[in-house]
There are 2 protein chains.
Amino acid sequence: MRDFSKGHEWLSINTATVRKQLGAEVPLDRIIDQCAERGIRAISPWRDQVAAVGLDPIAAQLKAHGIGLSGYCRGGFFPAPDAAGLKAALDDNRRAIDEAKTLNAPCLVLVVGALPGALDGKAAYKDLGRARHEVRDGIAATLDYAREVGMPLAIEPLHPMQAADRACINTLEQALDLCDELDAQKTGALGVALDIYHVWWDPKLQQQIVRAGQERLLAYHVCDWLTPTRDLLSDRGMMGDGVVELKKIRGWIEATGFAGFSEVEIFSNLDWWQRPGAETLDVCISRHKTAV
Amino acid sequence: MRDFSKGHEWLSINTATVRKQLGAEVPLDRIIDQCAERGIRAISPWRDQVAAVGLDPIAAQLKAHGIGLSGYCRGGFFPAPDAAGLKAALDDNRRAIDEAKTLNAPCLVLVVGALPGALDGKAAYKDLGRARHEVRDGIAATLDYAREVGMPLAIEPLHPMQAADRACINTLEQALDLCDELDAQKTGALGVALDIYHVWWDPKLQQQIVRAGQERLLAYHVCDWLTPTRDLLSDRGMMGDGVVELKKIRGWIEATGFAGFSEVEIFSNLDWWQRPGAETLDVCISRHKTAV
């Protein structure tokens, strides 16, 4: 297992972690500068943050700083109530792949979607099995283009508490079943983004990490589970502030041969997003040394 | 599949559903009267509610009204940071079994516990694997006494969002694995309480319901999953107000031969607990006919 205590060369910052600073939205170019100032070698930006500044300027800025990506957030949201919606999702995922290529991302992270409309409290249908079929078909169709241009797709299983509105793939086992169905040869075109926040509770986690192996583990995200958790989406904890055995799980992951970045992704409207970005990033660096 | 549309003979009320009415705690004897007035044939009361009125008076009142139990809430909370705590949990579960016998419950529901202290935000340890071992050992020890007096134990898998603080058994598969380990002969002494709120998201739900079969399905709870869900514990929805396919899942359950009560258990500090109990119970009855 790698020793993280001496430096932060394997730290990546998911830019959602500092998208708000002191309660206000901060543009991605500023966030990249803040990361560069601290010698952070990788980030994982979100599409809306990139679009707000511009794809080419962001690509140029990253190149100038020598900052790479640990992933690109995000494709997915495949289910829809009608054919036009399904088609629109495929088109959008194609654009996400193109952006990921421009940014030289190692993978496009897929938050696959769930009951269409549920995110706005108006589910168009309740059939979770249908949503899962639409996700399967959406990934299969997107995979054709992803293979063509060489952009790996990383399915991110989301916590079951987000099964209705954000992602109906909710365990690593389920994600790997889908990978095996659509990419039986383990070509590297399809794998998983394993965010510990979503899967730490799973009694089959270690077994399924072994099953995934290095070929399927395309990205690895960390934060912590707080007790109490006050919000289903944005009350994630800084590493070390919660109850997750982060080092034990990283041991399982690295035992597969995984040697990539550990990407810090903290949605925290109640705490970290209310602090200065400099403080949040500095604490990310120090906790990455002691708690990850 | 049974036709629930004509009456509510298979409706049970988990008394947590109306433990608060218009925002104030209501004693269990009053709740029982409210159920009796509506021809409700079964309830599932909580230990603290029973204790506040007295075990014998509650037993007598239920007998006088001809109301039975669909389960008794609850035993469990086995993990502890030290030997004295583990012993205290076993003693408490023995008392819970005795109370369940006095009330003639068909089973004692087990909310098994998780990281000790996490419910108060102060986890004594973070090793979820250790908690799961302590749960296994706790159920094994409790099962000896439960068999002796003839009180089935029903393990309730809780939603993964409650894995840290309330129950580290989080899927039906995991609960059934434990049942198979501790009661391989399917004697009827050990099974599961299947609360749809906790398991509706599970991609293996139907498969594991088939696996459970009638022998393991000791209790069946319903409510609904709201979008958005504003609180991890007490923002459950009335049946029909959320996104769960309740009839489809009841179909899977009854296909095993299950023919018991469907027990309505709604924790709703933000909505139903603020209404008059009469209204909540009347809506439970009508939704049981249309949405369950």
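Q: What makes strand E9 (residues 190-195) and strand E10 of chain A a pair?
A: Four bridges join E9(A) to E10(A), and the two run parallel. The names refer to DSSP runs numbered from the N terminus: helices (H or I) of at least four residues and strands (E) of at least two. The model is predicted: local features need pLDDT of at least 70 and side-chain atom pairs count only at pLDDT 80 or more, while totals for chains, interfaces and linings use all residues. Residues are numbered from 1 along each chain as its sequence is written, with chains lettered from A and ligands numbered from 1 in the order in which they are written.

Q: How do you know whether E10(A) is enclosed or open?
A: Six of the six residues of E10(A) (residues 217-222) are buried, so the strand is largely enclosed by the rest of the structure. Buried is a count of 20 or more other C-beta atoms within 10 Å of the residue's own, exposed is 12 or fewer, and partly exposed is in between, with C-beta atoms placed from the backbone.

Q: What joins E10(A) to strand E11 (residues 262-264) of chain A?
A: Two bridges join them, and the strands run parallel. A:Val222 stands opposite A:Val264 in E11(A). With helix H9 (residues 246-254) of chain A, E10(A) and E11(A) make a right-handed β-α-β unit.

Q: Why is that unit called right-handed?
A: The term applies if, with the strands pointing away from the viewer, the path from the first strand over the helix to the second runs clockwise.

Q: What makes E5 and E6 the edge strands of chain A?
A: The open sheet has nine strands in the order E5-E4-E1-E11-E10-E9-E8-E7-E6, with parallel pairing. E5 (68-69) and E6 (72-76) each pair on one side only. Helix H5 (residues 128-149) of chain A packs on this sheet, touching E6, E7, E8 and E9, and its direction makes about 150 degrees with that of E8(A). Such angles run from 0 to 180 degrees between N-to-C directions, along lines fitted to C-alpha atoms, for helices over the stretch in contact.

Q: How do you know which symmetry relates chain A to chain B?
A: A rotation of 180 degrees with 0.0 Å of shift along its axis superposes chain A on chain B, at RMSD 0.0 Å. That is the relation of a two-fold axis. The same surface serves both copies, as 100% of the contact residues of chain A recur in chain B.

Q: How many residues are in contact between the chains?
A: 24 residues of chain A are in contact with 24 of chain B, contact being C-beta atoms, placed from the backbone, within 7 Å. The chain A side divides into 13 nonpolar, six polar and five charged residues.

Methods:
Pairing = 2+ DSSP bridges. Least-squares fit on C-alpha atoms with pLDDT ≥ 70 in both. Contact = placed C-beta atoms within 7 Å. Nonpolar A, V, L, I, M, F, W, Y, C, P; charged D, E, K, R; others polar.
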